[in-house]
Amino acid sequence: MKTPDGVERFRITKEPFYLPVGQEVALFDAAYACRRPVLLKGPTGCGKTRFVAHMAWRLKLPLITVSCHEDLTASDLVGRYLLIGEETVWADGPLTLAAKEGALCYLDEVVEARKDTTVVIHPLTDDRRILPLEKRGEVIEAHPNFMLAISYNPGYQSVIKELKQSTKQRFVGIDFDYPPRELESKILLHESKIPDEIAVRLVRLGEKIRNLKHHGLEEGVSTRLLIYAAQLIQNGIPPRHACEAAMIQPLTDDAEMQRALKEVVATFFES
């Protein structure tokens, strides 16, 4: 079978499971209709990435995801010249590819990228919808279907890693948080097939641990970690061991805090 060309290889063919919490689907739909970029704000593991995948499927857009990090350069996003054999060839970066061919480009945890990198998205986020390729002396006009989405976790912001107002005010903002108990239980049931009663206990445990944020924990337990624990339980790991491996160990290295969290787990699961 021939490998799809261009952005077609990024097309999502099966609907990603996602349960709406509020008006986020309608807001994203409206933003796309207006061709406005979207900023997703919320804690780690609360469903932002799954939501973007769901919306890409819903809008029938290929999805190109870039996991941002401190070494990400403008060339990594836009493109660069490569030496292939004795020939110098231009290779489009993910942002350029998405703009040219009409895909949804998702910059995950954008504040992790260098500040001079995020500036390259500015011309794509206003009425110009253009992407200058300075190294080629060329300006790309974004495809009518192109959309840009970025995300970050405000809880991890610092003076060094704060998104500039000149960037934030170019976006339609959608705020995310962990789902309410009933929806979070349904998510666990779908992702792990564990019994209802175990799913409810895990969600209640997650809520208890989230209350410890800023009281020894930098971050509360995410929906993602609850799913991991549920999947371990479904595969035969005793609940307390599953919670320790999937929730306690990733959350903290502090021995005292680990002991405290184990005591909390013990109030929900006997073994």
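Biologist: Which residue with a positive phi follows helix 9?
Modeller: In this predicted model, the residue is Gly236, which comes after helix 9 and has a positive phi near 100°.

Biologist: And how does the span of helix 9 compare with what 1.5 Å a residue would give?
Modeller: Helix 9 covers residues 223–234, and its 12 residues should span 16 Å, which agrees with the 16 Å between its end C-alpha atoms.

Biologist: Which residues of helix 9 are buried, and what do they pack against?
Modeller: The buried set consists of Thr223, Leu225, Leu226, Ile227, Ala229, Ala230 and Ile233, and these residues pack against helix 7 (181–192), helix 8 (196–210) and helix 10 (239–251). As background, an α-helix has 3.6 residues a turn, so residues three or four places apart point the same way.

Biologist: Switching to the sheet, what is the strand order, and is the pairing parallel or antiparallel?
Modeller: Five strands make up an open sheet in the order 2-5-8-1-9, with parallel pairing. Strand 2 (63–67) and strand 9 (172–175) are the edge strands, each of them pairing on one side only, and from one strand to the next the twist averages 20°.

Biologist: How many bridges join strand 5 to strand 8?
Modeller: Four bridges connect strand 5 (residues 104–108) with strand 8 (residues 147–152), and the two strands run parallel; within that pairing, Cys105 has Leu148 of strand 8 as its bridge partner.

Biologist: Which strands does helix 2 lie across, and which does helix 4 lie across?
Modeller: Helix 2 lies across strand 1 (38–41), strand 2, strand 5 and strand 8, and runs at about 175° to strand 5. Helix 4 (residues 94–101) lies across strand 2, strand 5 and strand 8, and runs at about 160° to strand 2.

Biologist: What about the hairpin of strand 6 and strand 7, how many residues sit between the strands?
Modeller: There are four residues between the strands, and in this hairpin Gly137 takes a positive phi near 60°. Strand 6 (residues 130–133) and strand 7 (residues 138–141) run antiparallel and are joined by four bridges, with Pro132 having Val139 in strand 7 as its bridge partner.

Biologist: Now the rings: how many aromatic pairs does the structure hold?
Modeller: It holds four aromatic pairs. One of them is Tyr18 with Phe51, a tilted pair at 5.3 Å centre to centre with 55° between the planes. That pair links distant parts of the chain, with Tyr18 in the segment before helix 1 (24–34) and Phe51 in helix 2 (residues 48–58), 33 residues apart.

Biologist: Are Tyr18 and Phe51 buried or exposed?
Modeller: Tyr18 and Phe51 are both buried, and together with Phe28 and Phe176 they form one aromatic cluster.

Biologist: How are the planes of Tyr81 and Trp90 arranged?
Modeller: Tyr81 and Trp90 form an edge-to-face pair, 5.1 Å centre to centre, with 75° between the planes.

Biologist: Last topic: where does the charged end of Arg35 sit, and where does Arg210 lie?
Modeller: The charged end of Arg35 is placed over the ring of Tyr32, 4.1 Å from its centre, whereas Arg210 lies over the face of Tyr178, at 4.0 Å from the ring centre.

Key. Residues are numbered from 1 along each chain as its sequence is written. This is a predicted model: local features need pLDDT of at least 70, side-chain atom pairs count only at pLDDT 80 or more; totals for chains, interfaces and linings use all residues. Side-chain values use heavy atoms; hydrogens and water are left out. Rings of Phe, Tyr and Trp (its six-membered ring) pair if their centres lie within 6.5 Å; planes under 30 degrees apart count as stacked, over 60 as edge-to-face and the rest as tilted. Buried means under 20% relative accessible area, exposed over 50%, partly exposed in between (1.4 Å probe, protein chains only). A charge sits over a ring if NZ of Lys or CZ of Arg is within 6 Å of the ring centre and within 35 degrees of the ring normal. Two strands pair if DSSP finds at least two bridges between them. The expected span of a helix is 1.5 Å times one less than its number of residues. Contact means heavy atoms within 4.5 Å. Axes are lines fitted to C-alpha atoms, for helices over the stretch in contact, and angles run from 0 to 180 degrees between N-to-C directions.
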